[in-house]
Amino acid sequence: MTEVNPKVSPEELSNERPLKISKTLQEEGDFCEEEEEEKEAVDKSMKPGLQRYLVAVEYIGTRFCGSQQQLNHRTVVGVLQEAFHKFIGQPVTICQSSRTDAGVHALSNVCHVDVERVSKRKPGEVVCETPFHAFIVFLSNFMEHFGSLPPHEPAVVRKAVNHFLQKEGDIMLTDVRSVPGDFHARFKAQERMYFYRLLNGPELLSIFEKDRAWHVSEELDLVAMQEACKVLVGHHDFSSFRASGCQSKSPFRTLEELSVLEMVSTPHFPSITEREQNGSNEEGPDSFCNKCKTGLPTGSISNDIMAGDSNSGTDLGFGIRRRHRCYVITARARSFLYHQVRLLVGVIKSVGTGDLKVSDVERILNARSVTAASPMAPARGLYLGHVKYELP
């Protein structure tokens, strides 16, 4: 797992090396952030009165010991199950589409959960002040014991569970939808997309980016990294890009997309240069935003404000720090091998720094051995971005 040692200095953290692969990752409770192939049938039988919900959840993975439930450890599934328990008054089981390691974040992970709507009222808790009120209580009890209460509306589920998640501060539901009882969050997933953030430049990483990206101080060659991605796209034997603990039967996967783009580092605030360019633009106040077609505002990567340009002599003023260049690697496929994304990023980064050539990428791929790959990228820069479904 990728965890921050509180005794390590900020300088050491900024230059922290990527993780090497441990043969005991799964034994130590470090769960894979990528899905394996389907290996079991979906149980279509459900208890009468249950409603299955598909739930999208976002979280900051820093304080989680992974997403899969573990005894005596804080996990995504554990926190969600506790919140649902408080909401409906009985235990539930969360089944997730994709498991994430400790330190890995999610813009949208997806789970399903079966919920039975039951009254949380205790005997003697309701005082019947009128005959009509007594009749309503009798009818409610009758429906509870001899019939069934209607399922909660998805909006009610989302609002109620988020209420119980408020104290956590790093996880929330972003969407809830009612689905049939045979809809499985894992097996019905058609595609998964991951993002990996690299912040590039010699300056120390901002505390606002702590545990949110991999800081690479050496200059990165964007064009070389993009060429390396082209070698890896498609259907291949990715034995060189799966950890030794991978339990998948086949090393073959199809990468639909593997790309790298330079993006605006977040949080992004306009510099003096950007404000002046915006103010002097005669096309109107909205023209500046209209030009952000690639997500990269005009002037945001000018050499006088980027940390990557250490030779720039421009004085930005006291207390104003240079920004890091931000590169986002996108990986998209139906499923991934154990640690595949982070191993891919490790190789792409090495090409960017010049430690590897583009031709070395094909050599590593053909080696079909994880020992041929570069060290694995740390968990903190990885984000599960989206899980695609064909919803009923």
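This is a predicted model: local features need pLDDT of at least 70, side-chain atom pairs count only at pLDDT 80 or more; totals for chains, interfaces and linings use all residues.
Two packed helices are described by the angle between their axes and the distance between the axes. With helix α8 (residues 340-353), α5 packs at an angle of about 140°, and the axes lie 8 Å apart. Angles over 145 degrees would count as roughly antiparallel, so α5 is oblique to α8. The crossing of the two helices is right-handed. On the α5 side, the contact is formed by Ala224, Met225, Ala228, Cys229 and Leu232, and α8 contributes Leu344, Ile348, Val351 and Gly352. Of these contact residues, 8 are nonpolar and 1 is polar, with no charged residue.

Ala224, Glu227, Ala228, Val231 and Leu232 of α5 meet Val358, Val361, Glu362 and Leu365 of α9. The residues of this contact comprise 7 nonpolar and 2 charged, with no polar ones.

Attention now turns to helix α4, which spans residues 154-165. Its 12 residues reach 16 Å from the first C-alpha to the last, close to the 16 Å expected at 1.5 Å a residue. Buried within α4 are Pro154, Val157, Ala160, Val161, Asn162 and Leu165. The elements that cover these buried residues include β1 (50-59), α2 (76-88) and β4 (171-179).

The loop between α4 and β4 holds glutamate 168. Its relative accessible area is 13%; since buried means under 20%, glutamate 168 is buried. Apart from neighbours within four places in sequence, glutamate 168 is in contact with Arg63, Arg74 and Val79.

Glutamate 390 lies in another setting, the segment after β10 (382-388). With 62% relative accessibility, and exposed meaning over 50%, glutamate 390 therefore counts as exposed. Once neighbours within four places in sequence are set aside, the contacts of glutamate 390 are Phe183 and Gln190. Glutamate 390 and glutamine 190 are 200 residues apart in sequence, yet their C-alpha atoms are 7.5 Å apart in space.

Definitions and conventions
Residues are numbered from 1 along each chain as its sequence is written. Side-chain values use heavy atoms; hydrogens and water are left out. Axes are lines fitted to C-alpha atoms, for helices over the stretch in contact, and angles run from 0 to 180 degrees between N-to-C directions. Helices (H or I, at least four residues) and strands (E, at least two) are DSSP runs, numbered from the N terminus. Angles under 35 degrees count as roughly parallel, over 145 as roughly antiparallel, 65 to 115 as roughly perpendicular and the rest as oblique. A crossing is left-handed if the near helix is turned anticlockwise from the far one by less than a right angle, and right-handed if clockwise. Contact means heavy atoms within 4.5 Å. Ala, Val, Leu, Ile, Met, Phe, Trp, Tyr, Cys and Pro count as nonpolar, Asp, Glu, Lys and Arg as charged, and the others, Gly among them, as polar. The expected span of a helix is 1.5 Å times one less than its number of residues. Buried means under 20% relative accessible area, exposed over 50%, partly exposed in between (1.4 Å probe, protein chains only).
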